[in-house]
Amino acid sequence: MSIFNLKSAYSPSGDQPKAINNIVKNLHNKIQYQTLLGVTGSGKTFTIANVIQNIDKPVLIISHNKTLAAQLYNEFSMLFPDNAVEYFISYYDYYQPEAYIPRTDTYIAKDSSINDEIDRLKQKTTMSLLTRKDVIVVASVSCIYGIGEKEEYAGMSLNISVGDKLSRKKLLEKFIELLYVRNDIDFSRGTFRVRGEIVDIYPSYMRNLAIRIEIFDDNVERIALFDPLTSKSIETKHSVVIFPANQYISSRAVREKAIKSIKEELRKRISFFKKNGKLIEAQRIEERVNFDLEMIEQTGTCSGIENYSLHFSNRKPGEAPSTLIDYFGDDFLTIIDESHVSVPQLKGMYRGDHSRKQTLVDYGFRLPSAMDNRPLKFEELQKKWKSVIFVSATPSEYEVNLSNGIIIEQIIRPTGLTDPPIFVRPMDGAVDDLYAEIKKSAAKKYKVLVTTLTKRMAEDLSEYYNNLGLRTKYMHSELNAIERAKIISDLRNDLFDAIIGVNLLREGLDIPEVNLVAILDADKEGFLRSQTSLIQTSGRAARNADSRVIFYANKLTDSMKNAIRETNRRRKIQKRYNKMHNITPKSIIKSKESKVLEMCNLDYLDMDQEIKVSKKDIPKKIRLLREKMREAAQKTNFELAIKIRDEIEQLKKLDLET
């Protein structure tokens, strides 16, 4: 019996059964690389889900962007509700890496804004991988960045059972060693509190769930899970395992060894700078590292501790760092979604990181060992995975060659949908023509995706259409993963009619309500108007039976011709199949729920909207808002705290009125 339990009202159809059988057979035959060439809307995710159901190993799904990762996470969570489906992306809403510009003598300190919920999900991912086998991790390319050592993280976990001989003092010392912080007033994720012989801890990987440990006469008498807000007991446990609050953790012995090693490297580096007449660099590195060492000695960690990761591991300089992939063990399945984009990203991450860090090392901001805090090189990554499935509607030559000709085509859609027809219209007058097209779609409750070549044009076009009465939204690269997910959710829920952006390929916009994709300046050859990009962008309209694509251009380029030719080839195959099987194309029906937004819904309060909530849900809504108000106040975001307070008051009045 498989460790994965796929739950769906649908069965494989069209090209899916053949694709599933071929992929599973290749996996059983130990074929390392294969490519699933599936057109947009052909159910590649469902095919992969059926493949997963037929294997008994953990699965890593790598996506090239956070929004698409969120979409995949939603889908796999619904398909595998009984299994551990996890989400591992960069937890920064905003990230400015540490850098130095010698030409202007400008040092840029690391600056970031951490999304607390995504941080929790990352912690939960590593915990799941260490405690169970039926794990599906949907990750962005950030999964190849170094994190704490698996052995240290697992070895530092604390197993507590009822009846254990354990003093309160020893328990608190262990929590501190696991990098949890005592806070008897503000009990939140990553903290613990003490009330007499009762010790509560809020594990960093749990949400709205904490652990209560009751000790009497140095014996563990009771363990329970409870709601940290209401203190209501939820479940009594015989034993629990508590994992560290941070993946960068080490035992006292390892820490002492690391401190000694860092001091020795510092001594050599100061000597090197002085010998070469670089006195400023020598003073700089001495002050910075000594400050970090003092923090590590006192608290077990420091800001930027990842830059000392080499000293906390058994690695030699230059060896591959420990990453999320090491938590999977020796046998797991890797699926690279939209591989034509994801693979180049995976290849390029090391080079960009190396160049920035080399400057920091040369000018005394970091020790040379900081170079080993890095993403994996692509060849190192290849050594770690055993079975790989590349998934793309337009795989590149690299994936095709690596797969040794094992290309599994999935052109037929289970819904009978064909690739949308492509029409070419002149770019002159395109703005007015597109305005009319959006109005037509909006009248039928359909949605439109518009892609431009420049950010300025996307912004101006969105503003222009809004002034004319259309409801449009500009999608830009500075939005974080959850904000993008919310825009997509709002579009599907009819809060506006069109999304306008520069590169909508990266957004994961597979929306059934979209019946028109408009590509402006389609004849401007380049990355965003290549054959691959044109086919991929056109595919965003392939989930609706009434869909079509418009290329706005003043001439036909080779990329346009090839994209139209390939689309027509696929349409011919699809139409022939539909005729043979008497199939009438039907638009895809897809749930509008978003698991990511469900977890983070309070991050996006719209105080101007009319409050719509049933009477029985008002107390729960008030409780959640109070928690959010407290968090906002703690972060000194008093403006948001006041807005939330006002909404609470509105809910109280609504409760009295009803």
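**A chat about strands, helices and two loops**

Colleague: Where does Asn 404 lie?
Modeller: Asn 404 sits in the loop between α11 (397–402) and β19 (407–410). Please keep in mind that this is a predicted model.

Colleague: What is the phi of Asn 404?
Modeller: Asn 404 has a positive phi of about 50°, although it is not a glycine.

Colleague: Is Asn 404 buried or exposed?
Modeller: Asn 404 is exposed, because its relative accessible area is 69% and the cut-off for exposed is over 50%.

Colleague: And what about Lys 30, where is that?
Modeller: Lys 30 belongs to the loop between α1 (16–28) and β1 (33–38). Its phi is near 65°, a positive value in a residue other than glycine. Lys 30 counts as exposed, at 70% relative accessibility.

Colleague: Changing topic: in what order do the 6 strands of the open sheet come?
Modeller: The order is β20-β25-β24-β21-β23-β22, and the pairing is parallel. The edge strands are β20 (422–425) and β22 (472–475), each of which pairs on one side only.

Colleague: How are neighbouring strands of this sheet turned against each other?
Modeller: On average they are turned by 20°, with direction ignored.

Colleague: How many bridges join β21 to β23?
Modeller: There are 4 bridges between β21 (residues 447–451) and β23 (residues 498–501), and the two strands run parallel. Within that pairing, Val 448 of β21 has Ala 498 in β23 as its bridge partner.

Colleague: Which strands does helix α13 lie across?
Modeller: Helix α13 (residues 455–467) lies across β21, β22 and β23, and runs at about 165° to β22. Helix α15 (residues 531–538) also packs on the sheet, where it touches β20, β21, β24 (514–519) and β25 (548–552). The direction of α15 makes about 155° with that of β24.

Colleague: Now to β11: how many of its 5 residues are buried?
Modeller: In β11 (residues 191–195), 4 of the 5 residues are buried, so the strand is mostly covered; buried here means under 20% relative accessible area.

Colleague: Which strands pair with β11, and in what sense?
Modeller: Strand β10 (residues 181–182) pairs with β11 in the parallel sense over 2 bridges, with Val 181 opposite Thr 191. Strand β12 (residues 198–202) is joined to β11 by 5 bridges and runs antiparallel to it. In that pairing, Arg 195 stands opposite Ile 198.

Colleague: What lies between β11 and β12?
Modeller: The two strands form a hairpin with 2 residues between them. Gly 196, in the turn, has a positive phi of about 65°.

Methods
Residues are numbered from 1 along each chain as its sequence is written. This is a predicted model: local features need pLDDT of at least 70, side-chain atom pairs count only at pLDDT 80 or more; totals for chains, interfaces and linings use all residues. Side-chain values use heavy atoms; hydrogens and water are left out. Two strands pair if DSSP finds at least two bridges between them. Axes are lines fitted to C-alpha atoms, for helices over the stretch in contact, and angles run from 0 to 180 degrees between N-to-C directions. Contact means heavy atoms within 4.5 Å. Buried means under 20% relative accessible area, exposed over 50%, partly exposed in between (1.4 Å probe, protein chains only).
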